[in-house]
Amino acid sequence: MCVSKHCNHAVWLHSASSLTFAGPAANGKPWRFVLLGAPGIGKGTQSELLAKRFGACPLSTGDVFRAAKNVDESALTPAMKEALSYMRAGHLVPDQIVIDVVKERTACLRCPGGFLLDGFPRTVSQAEALKILLQQEHLELDAVISYELPVEQVVERISGRRICSKCKKSYHTTSRPPKTEGICDDCGSPLLQREDDRPEAVRVRLAAYDSKTAPLIDFYAKEGKLIRIACGDTPQETFERTLQSLGQNEG
Ligand code: AMP
């Protein structure tokens with residue numbers, strides 16, 4: 001859910017042809033972040049917390065593909081149909097398809113509130129494509145935040161994750177449970193386990209993260225943008241460590 005006052009998040013999810021911004025950033029400078037971390041580590045939750053704190057727009061490529069799953073098959077482009085078949089199996093979508101999806105949404109990168117890219121880039125070639133895209137737009141990343149946690153704990157976090165079938169709010173059976181089991185606190189809809197959070201798909205996704213995404217850590221370290229955050233026991237603890245690393249924990 002977009003918390004930025006500047007735009008309509010449907011533009012990111014469904015790629016509208018034009019985007020009108022509501023005005024310049026209300027809270028000073030626009031912050032532009034990339035979030036890295038294995039699937040299930042809690043990036044989505046950190047993205048929500050950072051979005052509230054900095055007014056930046058959370059942009060998740062996984063959300064774009066999940067939104068496409070709810071669209072009538074006949075309305076999908078051949079590239080999007082191909083992307084969904086990779087996603088269902090837990091594999092990464094081919095680079096060129098993802099890069100085209102982000103390029104179609106370049107307007108969102110210009111958001112006056114800034115942005116939080118979650119789930120993109122996932123490979124070095126996606127990172128190179130993003131670098132060129134940002135240079136063309138005269139935009140600069142403030143930081144690339146890498147969230148880190150031992151593998152066994154990542155698996156535990158993913159298997160407990162539940163998402164609201166309607167508003168997409170995220171829960172965890174033990175660390176962030178809803179007030180009523182299986183029901184969203186906000187809209188009362190049933191909570192579901194994501195198709196790609198099933199154990200078979202999770203193993204494939206973690207292997208893909210290790211082989212394809214971990215090299216991004218070196219890429220962004222060389223660019224001088226990398227901030228490494230050891231995940232805490234609670235989302236709030238992780239968030240506070242992040243603010244501290246950004247030198248933004250004073251208010
Ligand atoms: P996420 O919610 O970020 O874990 O993404 C869910 C799924 O969408 C992934 O397992 C991939 O199949 C696909 N996906 C999302 N973003 C990307 C990306 N940047 N590159 C390749 N595949 C992606």
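The model described here is a predicted one.

Helix α9 runs over residues 199-213 and contains 15 residues. The distance from its first C-alpha to its last is 20 Å, close to the 21 Å expected at 1.5 Å a residue. Its buried residues are Ala201, Val202, Arg205, Leu206, Ala208, Tyr209 and Thr213. Because these residues cover an arc of only 160 degrees around the axis, they fall on the same side of α9.

What do the buried residues of α9 pack against? Their partners are β1, α8 (151-159), β5 (161-164) and α10 (215-222).

## The largest nonpolar core

The largest nonpolar core comprises 61 residues. Within this core, the residues that touch the most other members are Phe33, Phe65, Leu109, Leu117 and Tyr220. Strand β1, covering residues 31-36, makes the greatest contribution, giving five residues to the core.

Phe65 illustrates such contacts. Leaving aside residues up to four places away in sequence, Phe65 touches Met80, Ala83, Leu84, Met87, Val93, Val98 and Val101.

## Aromatic pairs around Trp31

The model has four aromatic pairs, counting rings whose centres lie within 6.5 Å. One of them joins Trp31 and Phe33 in a stacked arrangement, with 5.7 Å from centre to centre and 15 degrees between the planes. Both Trp31 and Phe33 are buried.

Trp31 also pairs with Phe54, here in a tilted arrangement, at 4.9 Å centre to centre and with 50 degrees between the planes. Since Trp31 belongs to strand β1 and Phe54 to helix α2 (residues 43-54), this pair ties together parts that are 23 residues apart in sequence. Phe54 is buried, as is Trp31. Through ring pairs, Trp31, Phe33 and Phe54 are linked into a cluster.

## Charges over the rings

Which residue has its charged end over the ring of Trp31? It is Lys29, whose charged end sits 4.8 Å from the centre of that ring. Over the ring of Phe54 sits the charged end of Arg53, 5.2 Å from the ring centre.

Conventions:
Residues are numbered from 1 along each chain as its sequence is written. This is a predicted model: local features need pLDDT of at least 70, side-chain atom pairs count only at pLDDT 80 or more; totals for chains, interfaces and linings use all residues. Side-chain values use heavy atoms; hydrogens and water are left out. A nonpolar core is a set of buried Ala, Val, Leu, Ile, Met, Phe, Trp, Tyr and Cys residues joined through side-chain atoms within 4.5 Å. Buried means under 20% relative accessible area, exposed over 50%, partly exposed in between (1.4 Å probe, protein chains only). Helices (H or I, at least four residues) and strands (E, at least two) are DSSP runs, numbered from the N terminus. Contact means heavy atoms within 4.5 Å. The expected span of a helix is 1.5 Å times one less than its number of residues. The arc is that of the directions from the helix axis to the C-beta atoms. Rings of Phe, Tyr and Trp (its six-membered ring) pair if their centres lie within 6.5 Å; planes under 30 degrees apart count as stacked, over 60 as edge-to-face and the rest as tilted. A charge sits over a ring if NZ of Lys or CZ of Arg is within 6 Å of the ring centre and within 35 degrees of the ring normal.
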